[in-house]
Amino acid sequence: MKRFGFIILLLAVSLGKGFSQQRDWRVHRRGLLHQAVYNTGELGRAYNAGGTVQTASPAMEWPPNSSLVLDRVNYPGQHNSFGSGLWIAGTRPSGREYAFCGAVSNTNGEPITVVGVYSTPLELRRIENFPVLAGGELNPAFNPDEAEEIIISRWDTPVGIRITRTSRAWSYPGYDSFIIYEYEFENVTNETISDVFITFANTFAPSMFGYQRNHGAWSESAFRGQPPAGLGDHFARFDLKRWMSYNHEREGLPDPDFFATWSTPGNRGGLNSPQAVGLMVLHYDYEHLSRRNQTKQVFLAAADSAGMWDENGKAKQPFLLRYENGNLPADAKTATWMDPTLVRKTGIWQGVTDSTRFQNQFEAKLWPYWKGRTKSSANLSWWQPVSRGYGFYPYLLPAGETMRFVVAEVAGYGPGAAGDRKYKDLGGTVRAGVDAGAWFSPVPSWYDTLQYANLGSKNYIGSAYLKNHPLPWYVTPGVVSIRDVADRAIEMYTGRPLVKYDTLQYKPEEAPAAGRYNSVPIPVPAPAIRIEDTRAAANRIVWGPQVESFTAPRQRAAFSHYEVLRAPHPLGPWTVIDSVFPGDPKYFSAGEYAVIDPASNLGDNVAYAVVSVDELGKKSGMTNLMTHETQAPPAETLGKVYVVPNPLVVTSGLTGSDPGGEIGDRIQFLGLTKRCTIRIFSYTGQLIMTREHDRETYGNPWYQLSINNQIIASGIYYFVVDDRETGARASGKFVVIH
């Protein structure tokens, strides 16, 4: 009995805080910024300076649900990061230890294993705090002072520091394009760890879709020699007022083919790379910063360290703002950034003569705040703008103690809004301009172009797109640029009133060590919906009335009505099918609302959403967005099978795509039973493809792909359909014209 109890005790210990897991991830999908969060420290994916993004693991995808097929090319979507993570280092009695928990590569910029080397996964869980449950009922456990979606990930490192990351996302319009990450760094050894270096290692590359469409590839690797075609229009910047490091395209990459179509109201917008994406610091630990006599850091000269120590003898932060290309080998490069025995990698602001434009950026009263803080590396933009280390150092972490840091990933529709050109950020020029002392440049936008020196191969930056075209559906009016989004991230985290940090200085060391999340107005949530097939192949959108009785502290306004929306693809164009008011007998029966989509076409994949509108005319997020293949119930017996369209005249991409392929390539076999086999033959009798139909649908789409995964040629084709249950057979022919 004693032995049994001892075994139970051992199991309890092994399954406790130190029990390791397999590498895994959960995805933030509640807002418009979708991101995969790993229990190894990685964000988005295992770092790779190009390549592709695996299905179901978005890497800063904004807008979401953006994968599609056009002209038979598969585009994984609007991903904006090559993969990010966290680097830490610390000195123990046994020596210096490093952990590169994401954003690390071999010498060719290719991914390397993180788990078991730098990270030991301990925990990963996702918590839903949405006001509406999956079945439509109101959530009795909804906490209005918390995020709608929380992911907790935890892992151990060889440094002896255990990291817990709690990330949060919201669906509130205007607050749905950022994710806030709260980090805890706990010393789990019985030793004091000195010269601790915390570096947020991020990559920003807007956007995968834009670069594939315009340049044929999404890759940064060619930067080692010279910029590949088009990538010289990629700029990195740093907004000192908001402590925000971000990237943007020169002009947003207008689409070469579908610009006019995609620029229509309710659509995705005609710019393929409109995103400005970045990282901002909301809080950093001040208490555990080392004093001057507690670090072994070597400085370049006495002048480099003279201004970096504050009145308490602690180093001013940030300590590192390093920009790099896509090659991030741990031993050969990135470890040297965090080595206290080497010269620091980015120097400090010592005086206004450091930049001819520095005095023009800040009011005189704000200069003392940035003097002595790091001024970033020289590769601010254009040449090596993708990777960066945003570092804090030096820290002294005694055994059992914990440090807290908070950052936010943010995405906006361009770097600035109308009128922001009067402000200046670090960056925005080519490398030659930085070398010439042109550190600060006006903030561009998609409202107008700018001309100034040191812009590289083109003499302009920005775009006049928004002068003549509406905002895309996923951008909330008034919350357009990344600067707008960043201000709301600060508001959400601190609980303070909304402020535009264009002339004010945000000070993360004075912000709370944990989010307050208790001041933002809460919208009426969207209902849970389901999509039903009908015998007439007209989709029925169904939902319950529960959100009409939703109440919460800080609720913005009472419920007014619903809007039912449809689109051929989640990127748009979105159109309103109908507006539905509470209890309207035209739609409400047996405790549910039902709306029929009059534009349903058999076999089409269609996106649907129902949003709640309050009495102020403000809308909920599209949290119930669903795609559905329009179908009818299967035939009871196999009779005549039809091919639609017949003939199929293949045209190019304007019709869009669905998960199976290009709509212009699609053939529908209609009249199918539940379980049957479709065989397609050429005019000469050669078997082209066999398709097994095994589902509760009347039709089955085929995208002209042969057994060899090739598009079939123009010609006459024959088909035979066999019902696998009854043995009944149907046959026919169709014509394809390319």
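Q: Is alanine 590 buried or exposed?
A: In this predicted model, alanine 590 lies in the loop between strand S26 (588-589) and strand S27 (592-596). Its phi is near 55 degrees, a positive value in a residue other than glycine. A residue counts as exposed when its relative accessible area is over 50%. The relative accessible area of alanine 590 is 80%, so alanine 590 is exposed.

Q: Is tryptophan 243 buried or exposed?
A: Tryptophan 243 sits in the loop between strand S12 (234-239) and strand S13 (244-249). Its phi is near 55 degrees, which is positive in a residue other than glycine. Buried means under 20% relative accessible area. Tryptophan 243 has a relative accessible area of 0%, so tryptophan 243 is buried.

Q: Which strands stand at the edges of the open sheet of ten strands?
A: The order of this sheet is S7-S8-S9-S10-S17-S14-S13-S12-S18-S19, with antiparallel pairing. An edge strand here has a single partner strand, so one side of it is left without a neighbour in the sheet. The twist averages 25 degrees from one strand to the next. The strands at the edges are S7 (120-128) and S19 (440-442).

Q: Which residues of strand S37 are buried on each side?
A: In a regular strand the side chains alternate between the two faces of the sheet. Strand S37 covers residues 699-702, and both of its faces are covered.

Q: What is the bridge partner of glutamine 668 in S37?
A: Strand S34 (residues 667-670) is joined to S37 by four bridges, and these strands run antiparallel. Within S37, the bridge partner of glutamine 668 is proline 701.

Q: What is omega for the peptide bond from glycine 572 to proline 573?
A: Proline 573 belongs to the loop between strand S24 (559-567) and strand S25 (575-580). The bond from glycine 572 to proline 573 is cis, with omega near 0 degrees.

Q: What is omega for the peptide bond from asparagine 646 to proline 647?
A: Proline 647 is in the loop between strand S30 (642-644) and strand S31 (648-649). The bond that joins asparagine 646 to proline 647 is cis, and its omega is near 10 degrees.

Notes:
Residues are numbered from 1 along each chain as its sequence is written. This is a predicted model: local features need pLDDT of at least 70, side-chain atom pairs count only at pLDDT 80 or more; totals for chains, interfaces and linings use all residues. Side-chain values use heavy atoms; hydrogens and water are left out. Helices (H or I, at least four residues) and strands (E, at least two) are DSSP runs, numbered from the N terminus. Buried means under 20% relative accessible area, exposed over 50%, partly exposed in between (1.4 Å probe, protein chains only). Two strands pair if DSSP finds at least two bridges between them. Axes are lines fitted to C-alpha atoms, for helices over the stretch in contact, and angles run from 0 to 180 degrees between N-to-C directions.
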